[in-house]
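We will go stop by stop.

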Amino acid sequence: METASLLIAPSMLSADFSHTAEEVQSINTSNADWVHLDVMDGMFVPNITFGPKFIHDLRPHSDLVFDVHLMIDQPERYISLFAESGCDYITVHGEASVHLHRTLQMIKSSGCKAGVSLIPSTPVSVIEPILDMVDLMLIMTVNPGFGGQSLIPAMLQKVERLAELRDKHGYNYLISVDGGVNLDTVGEIAKKKADVAVCGSAFFGAPDRAAFIQAMKERAQV
Ligand SMILES: O=C(CO)[C@H](O)[C@H](O)COP(=O)(O)O
Ligand SMILES: [Co+2]
């Protein structure tokens with residue numbers, strides 16, 4: 001499955017947390033496509049952000065897809081809480097959930113779409129046996145935990161591989177790229193047949209966020 005154009009998902013990680021409603025409103029009005037929400041537990045990654053109440057409280061402020069990226073150990077403990085908070089996609093790390101197949105079943109049973117993310121050192125091959133049940137593959141192009149890092153170019157080979165596997169087997173997942181996405185890297189990401197590009201620091205640091213999204217979409221035309 002392929003989408004017509006690259007979807008852009010600004011990450012609230014780089015927003016000003018003292019004005020979260022206004023920040024998500026700036027995503028709504030920028031012509032961006034999804035809202036990416038990075039949940040960090042201080043264990044799986046060396047940083048702490050927010051939990052399901054934050055997402056629940058933001059939910060009324062946007063009609064966009066809520067793309068929730070759980071960077072937490074044993075995410076199966078919290079699937080129902082996040083599903084109730086208003087997530088559309090719940091993405092867990094393959095490295096954080098021992099019984100990943102069961103965790104994806106839990107996400108789907110909760111009514112959400114099920115995503116899997118891989119850190120840079122994890123190969124695509126570990127997820128191949130269960131790709132048929134994945135709705136979103138989130139490829140980390142930085143080591144997770146912080147915004148504002150540089151994209152690791154070798155990670156785009158994983159995007160290519162996932163696109164090949166999707167074509168070969170008729171899988172239905174979207175492919176998302178997360179980390180170091182900006183005006184300089186978005187063209188290469190689109191060429192590798194990604195469907196979604198997560199963008200934190202470049203979006204929130206742009207002087208004109210709507211103009212930034214327009215420029216990203218133009219550069220993604222390949
Ligand atoms: O998952 C993440 C970090 O772990 C973020 O989604 C990602 O880093 C976005 O930030 P930036 O676009 O600034 O790289
Ligand atoms: Co993320």
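This tour goes from the overall model to the ligand, then to single residues.

**Before you start**

This is a predicted model: local features need pLDDT of at least 70, side-chain atom pairs count only at pLDDT 80 or more, and totals for chains, interfaces and linings use all residues. Residues are numbered from 1 along each chain as its sequence is written, while chains are lettered from A and ligands numbered from 1 in the order in which they are written.

Colour the chain by pLDDT, the predictor's confidence in each residue, from 0 to 100. The chain averages 97, and 98% of the residues score at least 70. For the complex, the predictor gives an ipTM of 0.98 and a pTM of 0.97.

**Stop 1: ligand 1**

Select ligand 1 and show what surrounds it. How many residues surround ligand 1? There are 22, and the closest are S11, P144, G147, G200 and S201. A residue is near the ligand if its C-beta atom, placed from the backbone, lies within 6 Å of it.

Strand 2, strand 3 (65-71), strand 8 (196-199) and helix 7 (201-204) each give two or more residues to this shell. Helices (H or I, at least four residues) and strands (E, at least two) are DSSP runs, numbered from the N terminus.

Now colour the shell by class. Eight residues are nonpolar, 12 are polar and two are charged. Here Ala, Val, Leu, Ile, Met, Phe, Trp, Tyr, Cys and Pro count as nonpolar, Asp, Glu, Lys and Arg as charged, and the others, Gly among them, as polar.

**Stop 2: the annotated aspartates**

UniProt positions are given in the numbering used here, feature names are shortened, and annotations may be inferred rather than shown by experiment.

Zoom in on D38. It sits in strand 2 (residues 34-40). Is D38 buried or exposed? D38 is buried, because 24 other C-beta atoms lie within 10 Å. The cut-offs are these: buried means 20 or more other C-beta atoms within 10 Å of the residue's own, exposed means 12 or fewer, and partly exposed is in between, with C-beta atoms placed from the backbone. Leaving out residues up to four places away in sequence, D38 touches S11, L13, T49, H69 and M71. Two residues are in contact if their C-beta atoms, placed from the backbone, lie within 7 Å.

Move to D178, in strand 7 (residues 174-178). D178 is buried too, with 26 C-beta neighbours inside 10 Å. Its contacts beyond four places in sequence include H69 and V198.

**Stop 3**

The unreviewed UniProt entry covers H36, D38, H69 and D178 with a "binding site" annotation. The four span 143 residues in sequence, but no two of their C-alpha atoms are more than 10.5 Å apart, so they gather at one spot.

H69 lies in strand 3. It counts as buried, with 28 C-beta neighbours inside 10 Å. Among its contacts beyond four places in sequence are H36, D38 and D178.

**Stop 4**

Another "binding site" listing in the unreviewed UniProt entry includes S11, G148 and G200. S11 is in the loop between strand 1 (7-10) and helix 1 (20-28). G200 is in the loop between strand 8 and helix 7. S11 is buried, with 25 C-beta neighbours inside 10 Å. G200 is buried, with 25 other C-beta atoms within 10 Å. S11 is in contact with G200 and G147, among others. G200 also contacts G147.

G148 is in the loop between strand 6 (136-140) and helix 5 (156-169). G148 is partly exposed, because 13 other C-beta atoms lie within 10 Å.

**Stop 3: the nonpolar core**

Select A9, V68, I90 and A197. They have the most contacts inside the largest nonpolar core, which has 70 residues. Such a core is a set of buried Ala, Val, Leu, Ile, Met, Phe, Trp, Tyr and Cys residues joined through C-beta atoms within 7 Å. Centre on I90: its contacts beyond four places in sequence include V68, L70 and F82.

**Last stop: Q74**

Q74 has a positive phi of about 45 degrees although it is not a glycine. Find it in the loop between strand 3 and helix 3 (79-85).
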